[in-house]
Amino acid sequence: MAYRPLVHLKSLSHAFHRSGLSKSLWIILVSLMTQTAAAADYRLGPQDRVRVKVAEWRTDKTEYFDWAIFSGEYAVDASGTIALPLIGNVPAEGRTTNDLAAAIEDTLQKRAGLSSHPEAAVEIAQYRPIYVVGAVERAGEYPYRPSLTVLQAVSIAGGLYRQADQGPNRIERDRLNALGAYENARLDVRRLLVRRERLLAELTESEQIIVPEELREDADTKRLIADEFAVMKARKDALNSQLAANAELKDLFSKEVESLNQKMVVQDRQISIARRERQTVGALVEKGLAVSAREFTLERTLADLESKLLDYATAMLRARQEISKADRDATDLQADRKAKIVAEKQETEASLDQARARLATAQNLIKEATLASPQAVVPQLDAITQTTYSIVRNGNTSAAQSAADEYTAVEPGDVVRVEMTIKNSSLSEQPKSSADNGALITQRLSGN
């Protein structure tokens, strides 16, 4: 299960006073403990990725059983759940890693009817991204890392918007970049939608790929369907080839069983003849009409025949075992294929959610670049710049915006908004009654 801090800060404080540690070392220890506790209390949400591992202690065998089918990374989808094999969707949104691990343990125990309680370990593999918008060099989506501050987020986005680059050319370049990001995200969404339909067709063993509802009017859909159909056909042909090879092997061993059966019939006949001959020679030896050496020779011949019959029986048993193994291999091939398709479908769903998030971000950036007016750019002479920060954070029911500074902590999923107000001091002293010379020129570069 996820790590839980075992040391209480109050007891650690008492230990500090007793041990005489330096104040700086005490501050470092408290900081580390606070960060660990904060990480343990982190609540999961859509686009987070978690790494799961499940094991079970089996008392009858006194060993741990690794549920390898659950091992891997899973994305929290838009509905706030993760999709696990066998047990289905498990709610993850709003839960800590400890809560999610406990939910997986309880669900697995109930679904599988386990007598002992399995142990699940959940850790965060990747936090959901943050978004930096407004007066920065490269507004967009960025990966989150623990202990991230507003200042660090702005630096990741290339720093504050450089005044020397303001103007029509820069605004147009931003718009073109946003258009490019939007087109890439749109192409990814189309490709992933068709791939998801192909995987569904493979799961249901359908011969056709259904056109997604969102792409019915798309002129390029036929090409995407054709590409995915070629992939589906190649995978199906590969499986059929493996199954055919397995069937040929099974047929070969079946023929070997038939041949051995015929040999055993002939061998039984020879043994019967040898036994009758031994009885006849034995009677003659008792009457003194034959030598005992002849009887001994027949005994050896009979023993050899019976030994060979036993070899045939052993070979037949081995051939039948190979036939059973071929049947199991065919079943395993089909089961493994279905498991891989299910895993690929889960990955495709996660990638589709991420592509749609990128698409929405690119749309906002296009809107911001389009609405920005080149005429609002302020000359740089005697410019006074004021930068303000705010954070938009999704709550349980709605998003809320709050003021921030450079050292405010950023959480996964936050939108960091940077606003820059530029005033021309040379004009600020002019009479406010003059429309041309007395007006205070202000430029605001902010996210929508």
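**Notebook: core, rings, helices and salt bridges**

I began with isoleucine 82. Leaving out residues up to four places away in sequence, I found that Ile82 touches Val50, Tyr74, Ala75, Val76, Gly88, Asn89, Val90, Ala92, Leu100 and Ile104. Contact here means heavy atoms within 4.5 Å.

**Ground rules**

I am reading a predicted model, in which local features need pLDDT of at least 70, side-chain atom pairs count only at pLDDT 80 or more, and totals for chains, interfaces and linings use all residues. Residues are numbered from 1 along each chain as its sequence is written, and side-chain values use heavy atoms, with hydrogens and water left out.

**Confidence**

I looked up the pLDDT, which is the predictor's confidence in each residue, from 0 to 100. The protein chain averages 79, and 80% of the residues score at least 70. Over residues 1-38 the pLDDT is below 50, and this stretch has 28 contacts in the model beyond near neighbours in sequence. Residues 373-382 also have a pLDDT below 50, with 20 contacts beyond near neighbours in sequence.

**Nonpolar core**

I then turned to the largest nonpolar core, which has 43 residues. Such a core is a set of buried Ala, Val, Leu, Ile, Met, Phe, Trp, Tyr and Cys residues joined through side-chain atoms within 4.5 Å. Buried means under 20% relative accessible area, exposed over 50%, and partly exposed in between (1.4 Å probe, protein chains only). Ile82, Leu100 and Ile104 touch the most other members of this core. Among the elements that each supply at least two of its residues are strand E1 (49-58), helix H3 (97-112), strand E9 (383-394) and strand E11 (415-424). The largest share, 5 residues, comes from H3. Helices (H or I, at least four residues) and strands (E, at least two) are DSSP runs, numbered from the N terminus.

**Aromatic pairs**

I counted ring pairs next, and the structure holds 4 of them. Rings of Phe, Tyr and Trp (its six-membered ring) pair if their centres lie within 6.5 Å; planes under 30 degrees apart count as stacked, over 60 as edge-to-face and the rest as tilted. The pair of tryptophan 67 and phenylalanine 70 is tilted, because the planes stand at 40°, with the ring centres 5.9 Å apart. Tryptophan 67 is buried at 13% relative accessibility, and phenylalanine 70 is buried at 1%.

Tyrosine 127 and tyrosine 144 have ring centres 5.1 Å apart and planes at 75°, so I noted the pair as edge-to-face. Tyrosine 127 sits in the loop between E6 and E7, and tyrosine 144 in the loop between strand E8 (140-142) and H4, 17 residues apart. Both count as buried, tyrosine 127 at 17% relative accessibility and tyrosine 144 at 14%. Ring pairs link Tyr42, Tyr127 and Tyr144 into a cluster.

**Helix H6**

I checked the length of helix H6 (residues 221-287). At 1.5 Å a residue, its 67 residues should span 99 Å, and the end C-alpha atoms are 98 Å apart, which agrees. The expected span is 1.5 Å times one less than the number of residues. Glycine 288 follows H6, and the phi of this glycine is positive, near 80°.

Is threonine 348 buried or exposed? I found it buried, with a relative accessible area of 4%. Threonine 348 lies in helix H7 (residues 292-371) and touches Leu192, Arg195, Arg196 and Leu199, not counting residues up to four places away in sequence.

The structure holds 31 salt bridges. I used this cut-off: a side-chain nitrogen of Lys or Arg within 4 Å of a carboxyl oxygen of Asp or Glu. Glutamate 349 bridges to arginine 196, with the closest N and O atoms 3.4 Å apart. Glutamate 349 lies in H7 and arginine 196 in helix H5 (residues 168-203), so the pair ties together parts that are 153 residues apart in sequence. Glutamate 349 is partly exposed at 25%, whereas arginine 196 is buried at 16%.

Glutamate 202 and arginine 198 meet in another salt bridge, at 3.3 Å from N to O. Both lie in helix H5, 4 residues apart, about one turn of the helix. Glutamate 202 is buried at 3% relative accessibility, and arginine 198 is buried at 5%.

Glutamate 306 bridges to arginine 275, with the closest N and O atoms 2.8 Å apart. This pair joins H7 to H6 across 31 residues of sequence. Glutamate 306 is partly exposed at 32%, and arginine 275 is partly exposed at 38%. Lastly, I noted that salt bridges with shared partners join Arg198, Glu202, Glu228, Arg235, Arg337 and Glu344 into one network.
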